[in-house]
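The following note was prepared for a colleague who wishes to examine the model alongside its sequence.

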Amino acid sequence: MKFSNIRFLSKANIKRNKYNVSITVIVSLLVAAVSLISSYAVATVNAVNEYKASYRARSVTLNPFLKILTDDAIKAISNVEHVQSVEDVTGLDDKYPYNILNISGQNDGGKRLNKQLKTRDTYVTVEGLIGDEKKPVIAGKNLEESPTFSCIIPNLFYPFEDEGNINYENLDYIDGTSLIGETITLKGDGGKISFLYNHLINDEECTNDFAYLKAKEIKLKIVGVFHCSRNTYGSFDTIFVSKDTQLQIIEEAMKNTGIDLSSNESDISKWWNNTSLHDYYVVADNYDNITSIYNEVSEMGYDIDDSGSFFIKESTKIMADVLSTVGMFLLSAIFILAVILLLQSTNFSFNSQKSNIGLLKAIGYKNKYIFACMLYEQLFLVIRAFLIGAASSLVFVTVLNYIFSHKSYGEFIYIIDYSMLAAFLGIALALVTVIVAICEIVLISKIVKIQPREAMSAV
Amino acid sequence: MTEKGISRIKKILVTFIAITCLILIACIGVAAKTETYTFKVEVGTGLSDVVSLYMPKKGRISDTFGSCPTIFDGYKKSENKAQAINDTDGTKSKWKNFVLNTDGGPLTVAYGNSLSKGNYRIKYKNIGKGGFRATTTLSLTY
């Protein structure tokens with residue numbers, strides 16, 4: 001039997017199938033739900049997991065305000081269950097704002113930035129890595145394999161200070177990779193570097209105050225570029241340097257300001273040299289163990305935070321929870337409905353065509369051709385519905401991708417990769433095809449049992 | 001003095017006044033702008049409180065607590081710390097420690113002089129002695 005004959009016979013039945021419209025609607029909804037809910041669920045859940053695994057999300061601040069942090073205290077806290085390490089963050093945990101004075105302009109990216117520096121104000125922060133914190137690069141070299149006074153910048157680099165636009169939407173980011181190899185010259189914002197230092201009052205109570213240092217120009221070589229994401233520490237205006245580089249910058253600024261760190265005379269030098277007055281990060285082995293660490297260290301009488309030093313947007317966590325629970329429940333409900341409808345459609349098609357099947361058998365058609373007609377009928381319906389669902393998903397994602405790409409970088413996690421969407425559409429197609437195949441296979445025995453004379457006498 | 005002389009003096013005076021006014025206007029135009037907001041902060045013993053604000057340009061955020069705050073649980077002193085939390089990039093400033101006394105005068109607490117623009121929350125946390133209730137004037141200078 002020719003394919004065109006199968007098609008011809010099936011088409012007539014498709015038009016008569018009373019579940020035609022319902023199947024089209026539900027199956028396209030199923031396809032859209034599988035591709036969209038799954039894509040956004042994967043994007044948000046991955047974002048939350050990436051955040052929870054990040055070093056700074058697991059790092060909790062420990063201050064000497066209640067009790068000073070002697071070596072014994074640090075040792076005791078290090079031995080608390082789930083504590084991965086306790087890191088001295090003196091000179092490292094302040095945010096140091098800088099202005100960009102100049103970039104060497106060795107390549108096109110640097111030359112373009114230099115032009116912009118003439119007319120636009122700049123604002124970046126220079127941050128030192130802490131303990132064994134790693135900031136992997138997506139291009140160029142890591143800080144660990146680079147000399148001091150090297151730095152890494154974000155792939156989406158925005159070092160400018162503009163009026164308004166406090167949500168940082170629709171920024172003209174610079175591609176960080178175009179600046180690899182350049183040397184950037186910076187100076188502390190307002191000609192100063194400020195930080196909080198701890199000191200004792202009445203030899204007992206510990207408090208902190210701001211210190212202001214005369215900023216020197218610093219030159220940093222851009223050796224690599226890191227992935228800038230709202231889920232991990234380091235935004236579009238953050239420049240990372242190694243711990244050694246950061247401490248050297250601060251020490252040189254102190255020297256420039258006339259603070260003698262070896263003398264132990266000023267409160268600043270006493271703080272710098274006395275580790276009991278330092279701030280620390282207590283790094284948890286797992287994000288979920290922060291609360292137990294907080295409880296235990298608080299019981300010991302020390303001042304410790306109850307959350308990490310970096311946080312993800314609450315809306316991202318909520319979206320991840322909603323999509324992975326409610327979203328999956330919705331998906332299951334639509335799936336069950338689609339299965340029920342396809343079963344009903346298959347049964348209806350079979351029951352309404354019994355006499356035709358009998359006639360076809362009487363004139364010599366084999367069971368396999370009759371099965372092929374019925375299978376074609378159902379496949380036509382679901383594939384048509386799949387195409388409608390796929391087209392709707394594609395339009396939906398394209399529109400949302402465009403909208404989010406013009407929002408703040410915190411919303412970039414909602415930009416869906418088309419290859420991921422295609423993968424989920426493939427899964428949706430496989431799913432609906434398998435459902436149809438199973439429904440039709442169930443019918444084979446019924447088709448075989450039909451006797452032409454009985455079927456025709458039922459007419 | 002002749003009429004011509006008086007007229008010359010008048011001209012000089014008018015010119016001087018005009019230039020002075022222009023300089024004054026220019027100074028006002030480039031002078032740092034300060035916005036202030038008044039909040040009532042209440043931090044229970046061992047607990048925390050949060051106020052939200054947005055910083056339209058990079059600058060300084062500071063709190064000035066009023067005199068004679070109310071301190072809970074019979075204490076005369078309240079040991080606390082506060083930090084500025086940036087909702088835009090998820091970072092937190094270092095904690096700034098401060099102590100309030102029942103008979104204390106106004107106290108200013110600064111969170112940073114060059115904080116980036118964006119949406120912020122100021123979190124106050126009581127770490128020792130009693131909690132407190134006080135009126136604070138939050139100043140944004142940019």
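1. Which residue in strand 9 of chain B does Gln83(B) stand opposite? The model under discussion is predicted. In it, Gln83(B) stands opposite Lys123(B) of strand 9 of chain B. This pair belongs to the antiparallel pairing of strand 5 (residues 77-86) of chain B with strand 9 of chain B, which comprises nine bridges.

2. Strand 9 of chain B, which covers residues 118-129, is also joined to strand 2 (residues 48-55) of chain B. Here the two strands run antiparallel and eight bridges link them. Within strand 9 of chain B, Tyr124(B) is the bridge partner of Asp49(B).

3. As to the overall make-up of chain B, the chain contains one helix and ten strands. Reading from the N terminus, the order is α-β-β-β-β-β-β-β-β-β-β. Of the 142 residues in chain B, 33% are buried. Among contacts in chain B with a separation of 6 or more, 82% are between residues 24 or more positions apart.

4. The interface between the chains should be read together with the preceding points. In total, 24 residues of chain B are in contact with 27 residues of chain A. On the chain B side, the elements giving two or more residues are strand 6 (91-92), strand 7 (96-101), strand 8 (107-115) and strand 9. Strand 9 of chain B gives the most, with four residues. By residue class, the side of chain B that touches chain A consists of eleven polar, eight charged and five nonpolar residues.

5. The domain assignment of chain A gives domain 1 as 3-52 + 315-457 and domain 2 as 90-278. The centres of these two domains of chain A, taken over C-alpha atoms, are separated by 54 Å.

6. Chain A has an open sheet of four strands, with the order 2-14-1-15 and antiparallel pairing. Strand 2 (83-88) and strand 15 (303-304) of chain A each have a single partner strand and stand at the edges, so one side of each lacks a neighbour in the sheet. Strand 1 (residues 59-63) and strand 14 (residues 280-284) of chain A pair in the antiparallel sense over four bridges. One position in this pairing is Val60(A), whose bridge partner in strand 14 of chain A is Val282(A).

7. Two helices of chain A lie across strands of this sheet. Helix 3 (residues 71-78) of chain A lies across strand 1, strand 2 and strand 14 of chain A, and runs at about 155 degrees to strand 2 of chain A. Helix 7 (residues 290-299) of chain A lies across strand 1, strand 2, strand 14 and strand 15 of chain A, and its angle to strand 14 of chain A is about 130 degrees.

8. What is in contact with Val282(A), leaving aside its neighbours within four places in sequence? The residues are Val60(A), Leu62(A), Ile77(A), Val83(A), Val86(A), Ile293(A), Val297(A) and Ile304(A). In soluble globular proteins, nonpolar side chains tend to be buried together. The largest nonpolar core has 71 residues, and Val282(A) and Ile152(A) are those with the most contacts inside it. Strand 12 (residues 218-226) of chain A supplies the largest share of this core, six residues. Apart from it lies another core, of 40 residues, including Val27(A), Ala47(A), Ala385(A) and Ile435(A).

9. Is strand 4 (residues 124-128) of chain A mostly covered or exposed? It is mostly covered, with five of its five residues buried. In a regular strand the side chains alternate between the two faces of the sheet. For strand 4 of chain A, both faces are covered: Val124(A), Val126(A) and Gly128(A) are buried on one side, and Thr125(A) and Glu127(A) on the other.

10. The partners of strand 4 of chain A complete the picture. Strand 3 (residues 96-103) of chain A pairs with strand 4 of chain A in the antiparallel sense over three bridges, and Tyr96(A) stands opposite Val126(A). Strand 13 (residues 238-241) of chain A runs parallel to strand 4 of chain A and is joined to it by four bridges; in this pairing, Glu127(A) stands opposite Phe240(A).

Methods. Residues are numbered from 1 along each chain as its sequence is written. Chains are lettered from A and ligands numbered from 1 in the order in which they are written. This is a predicted model: local features need pLDDT of at least 70, side-chain atom pairs count only at pLDDT 80 or more; totals for chains, interfaces and linings use all residues. Two strands pair if DSSP finds at least two bridges between them. A nonpolar core is a set of buried Ala, Val, Leu, Ile, Met, Phe, Trp, Tyr and Cys residues joined through C-beta atoms within 7 Å. A residue is buried if 20 or more other C-beta atoms lie within 10 Å of its own, exposed if 12 or fewer, and partly exposed in between; C-beta atoms are placed from the backbone. Two residues are in contact if their C-beta atoms, placed from the backbone, lie within 7 Å. Ala, Val, Leu, Ile, Met, Phe, Trp, Tyr, Cys and Pro count as nonpolar, Asp, Glu, Lys and Arg as charged, and the others, Gly among them, as polar. Domain bounds come from an automatic or database domain assignment. Axes are lines fitted to C-alpha atoms, for helices over the stretch in contact, and angles run from 0 to 180 degrees between N-to-C directions.
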